[in-house]
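Please read this note with the model open beside you.

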Amino acid sequence: MLSDGRIVAIKKSKIVDESQLGQFINEVVILSQINHRNVVKLLGCCLETEISLLVYEFISAGTLFYNIHYQSKDIPFSWDNRLRIATEVAGAIAYLHSATSTPIYHRDIKSSNILLDDKGRAKVSDFGISRSIAIDKTHLTTMVQGTFGYIDPEYFQSNQFTKKSDVYSFGVVLVELLTGEKPISSTRPAEGKNLVTYFISSIMESHLFDIVDAQVLKGGREHEI
């Protein structure tokens, strides 16, 4: 808690971990360029001590991943709430790609990097591997980073990250919201361990509504889904 009474969240580095320090510095640089209601706010940092610290606004209701897969009682996870969260995250990604002074690629969009506040509003977080890119550039050539299950297959094959790669990852989050399924799961049949493959095959076989989350079916109209 700060002296003015505000509760904050603190991210702490490991001792003598240069790669993590680099990510901390990168996150400070990236977040200093961002001002959006659906992106978590960085309030301060301390990078000159043995253990580096980043101080953020405290987002009380946990991650979207937790709320999807463990059905938190704090936030009713209705179709309308899921649709609103998806719209808020889409707006934040569009802002990063198009409205900052230089475009920003998040590079690790996933449900566990989306936080929900006490009113269920979405906040995109964790910019440790994000990158700014010159306006005249269309892609970033880099070693593949991100989270298995969310990584754009074209990026995985080419090492070229584009804004479409963030959009692909967001698409996986949308499927999570719609189905309540995890991106990678050993409880599904072998051919459906990957959620994207499972989702596409369900559409092709006209079984989509068999895998849609019960809360979505209860509150959503078929033409909206």
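1. Start with residue classes. Ala, Val, Leu, Ile, Met, Phe, Trp, Tyr, Cys and Pro count as nonpolar, Asp, Glu, Lys and Arg as charged, and the others, Gly among them, as polar. By that scheme, the lining of the largest cavity divides into four nonpolar, five polar and three charged residues.

2. Keep the ground rules in mind. The model is predicted, so local features need pLDDT of at least 70 and side-chain atom pairs count only at pLDDT 80 or more, while totals for chains, interfaces and linings use all residues. Residues are numbered from 1 along each chain as its sequence is written, and side-chain values use heavy atoms, with hydrogens and water left out.

3. How confident is the prediction? pLDDT is the predictor's confidence in each residue, from 0 to 100. The protein chain has a mean pLDDT of 90, and 92% of its residues reach 70 or more. Helices (H or I, at least four residues) and strands (E, at least two) are DSSP runs, numbered from the N terminus. Among these elements, β6 has the highest mean pLDDT, 98. Helix α8 (residues 214-219) has the lowest, 83. Where pLDDT is low, the predicted coordinates should not be read in detail.

4. Now the cavity itself. On a 1 Å grid over the protein atoms alone, a cavity is a set of points where a 1.4 Å probe fits but cannot get out; lining residues have an atom within 4 Å of a point. Grid points are joined across faces, edges and corners, and a volume is the space filled by probe spheres set on the points. The structure holds one cavity of 30 Å³ or more. About 50 Å³ of space lies in the largest cavity. Its lining includes Arg107, Asp108, Tyr150, Asp152, Tyr155 and Phe161.

5. Which rings pair? Rings of Phe, Tyr and Trp (its six-membered ring) pair if their centres lie within 6.5 Å; planes under 30 degrees apart count as stacked, over 60 as edge-to-face and the rest as tilted. There are four aromatic pairs in the structure. In one of them, the ring centres of Tyr155 and Phe161 are 4.9 Å apart and the planes stand at 85°, so this pair is edge-to-face. Both Tyr155 and Phe161 also line the largest cavity. Elsewhere, Phe65, Tyr66 and Tyr70 form one aromatic cluster.

6. Phe161 sits in strand β9 (residues 160-161). Buried means under 20% relative accessible area, exposed over 50%, partly exposed in between (1.4 Å probe, protein chains only). Phe161 has 3% relative accessibility, so it counts as buried. Tyr155 is buried too. Thr141 is 20 residues from Phe161 in sequence, yet their C-alpha atoms are 6.2 Å apart in space.

7. How many salt bridges are there? The structure holds eight. A salt bridge is a side-chain nitrogen of Lys or Arg within 4 Å of a carboxyl oxygen of Asp or Glu. Asp108, a lining residue of the largest cavity, meets Lys110 in one, at 3.8 Å from N to O. Asp108 is buried at 11% relative accessible area. Lys110 is buried as well, at 16%.

8. Follow Lys11 next. Glu27 forms a salt bridge with Lys11, with the closest N and O atoms 3.2 Å apart. This pair links distant parts of the chain: Glu27 is in helix α1 (residues 18-31) and Lys11 in strand β1 (residues 8-12), 16 residues apart. Glu27 is buried at 1% relative accessibility, whereas Lys11 is partly exposed at 25%.

9. Lys11 has another partner. Its salt bridge with Asp126 has the closest N and O atoms 3.8 Å apart. Asp126 lies in the loop between β6 (122-124) and β7 (131-132), so the pair ties together parts that are 115 residues apart in sequence. Asp126 is partly exposed, at 29%. Through shared partners, salt bridges join Lys11, Glu27 and Asp126 into one network.

10. Check the backbone last. Most residues other than glycine have a negative phi. Asn159 has a positive phi, near 65°. Asn159 lies in the loop between α4 (153-158) and β9, and is partly exposed at 30%. Ser206 also has a positive phi, about 60°. Ser206 is in the loop between α6 (195-204) and α7 (208-211), and is exposed at 65%.

Note on methods:
1 Å grid on protein atoms, 1.4 Å probe; cavity = no way out; pocket = protein on both sides within 12 Å on 5 of 7 lines; lining within 4 Å.
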